Amino acid sequence: MKCGLQILLLSFSISCVHLPAAAEEQLVLRGAIEKQNGPVFVLKTHYGAQAKFTLGVSSQLVAVEPGSFEIIKPGTMLRVVESASGSRGLSELQVLSQAVQKAVQSRSGGLLWSDSSNIGIVSDVSSSADGYRISIKDGSHERSILAPTRTPVVMFDHGKTADVNVGTAVVAADGKKKPEGLVEIDLLIYGRDGAVPNL
């Protein structure tokens, strides 16, 4: 049974989910790549601590890159990130390409995108003097949001290992503890062109 998302462990920015006894504990690491030693990445967390991880044979890489309102169209899968300030404003709009939708749904979607009510399929987009009116449908539920033109838009698309270098901001998910303090990662979401994954 899943519980206790966003639990701070050993001063690392690590989230955990408790699964059935037969399954391994799943970890999520957040921070920036400090250095790379062959297949081993050294991550510096937001709290200044270090964590070492490596990619698995079948690891999924997802790149987050700057986008624009032009990529938000009917049929687009969209995640609406609301402001944490409590002002009911929008922090970011995240467009998920078809290439990564299955990764979100079948891998760490339940962990990273726990606020699933903010994810849906765009049914209509229109512009006005105040911004963009976007209708989003999730099953039988549909809602409309008004996004000011200044709202950041990013695209989640298929990534590649060569993009991940020193200084790259990452969210390393579906981690399993390995010997020698390593964590093997099954899903790596990283920023491209200066973008930072907002998860």
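Colour the chain by secondary structure and read from the N terminus: β-β-β-β-β-β-α-α-β-β-β-β-β-β. That makes 2 helices and 12 strands. Keep in mind that this is a predicted model.

Now show the surface. The chain exposes about 10400 Å², and carbon and sulfur atoms supply 51% of that area. Of the 199 residues, 44% count as buried. Switch to contacts between residues at least 6 apart in sequence: 58% of them join residues at least 24 apart.

**Stop 1: the largest core**

Select Leu-29, Ile-33, Phe-53, Val-164 and Leu-188. These residues have the most contacts inside the largest nonpolar core, which has 16 residues. Next, colour β2 (26-37), β3 (40-45), β4 (50-66), β11 (169-177) and β12 (182-191). Each of these strands supplies at least two residues of this core. Another core, of 14 residues, lies apart from it; Val-28, Val-154, Phe-156 and Ala-173 are among its members.

**Stop 2: Phe-53**

Centre on Phe-53. Its relative accessibility is 0%, so Phe-53 counts as buried.

**Stop 3**

Select β3 and β4. The two strands run antiparallel and are joined by 5 bridges. Find Val-40: it stands opposite Thr-54 in β4. β3 is mostly covered, with 5 of its 6 residues buried. Move to the turn, where 4 residues lie between the strands. Pick Gly-48 there; it takes a positive phi near 90°.

**Stop 3: the aromatic pairs**

How many aromatic pairs does the structure hold? There are 2. Begin with Phe-41 and Phe-53. Their ring centres are 5.2 Å apart and their planes are at 15°; planes under 30 degrees apart count as stacked, so this pair is stacked. The pair links strand β3, which holds Phe-41, to strand β4, which holds Phe-53, 12 residues apart. Check Phe-41 for cover: at 2% relative accessibility, Phe-41 counts as buried.

Go on to Phe-69 and Tyr-132. Here the ring centres lie 4.2 Å apart with the planes at 5°, so this pair is stacked too. Finish on Phe-69, which is buried with a relative accessible area of 9%.

Notes
Residues are numbered from 1 along each chain as its sequence is written. This is a predicted model: local features need pLDDT of at least 70, side-chain atom pairs count only at pLDDT 80 or more; totals for chains, interfaces and linings use all residues. Side-chain values use heavy atoms; hydrogens and water are left out. A nonpolar core is a set of buried Ala, Val, Leu, Ile, Met, Phe, Trp, Tyr and Cys residues joined through side-chain atoms within 4.5 Å. Buried means under 20% relative accessible area, exposed over 50%, partly exposed in between (1.4 Å probe, protein chains only). Two strands pair if DSSP finds at least two bridges between them. Contact means heavy atoms within 4.5 Å. Accessible areas come from the Shrake-Rupley method with a 1.4 Å probe; for residues, only the protein chains shown count as cover. Rings of Phe, Tyr and Trp (its six-membered ring) pair if their centres lie within 6.5 Å; planes under 30 degrees apart count as stacked, over 60 as edge-to-face and the rest as tilted.
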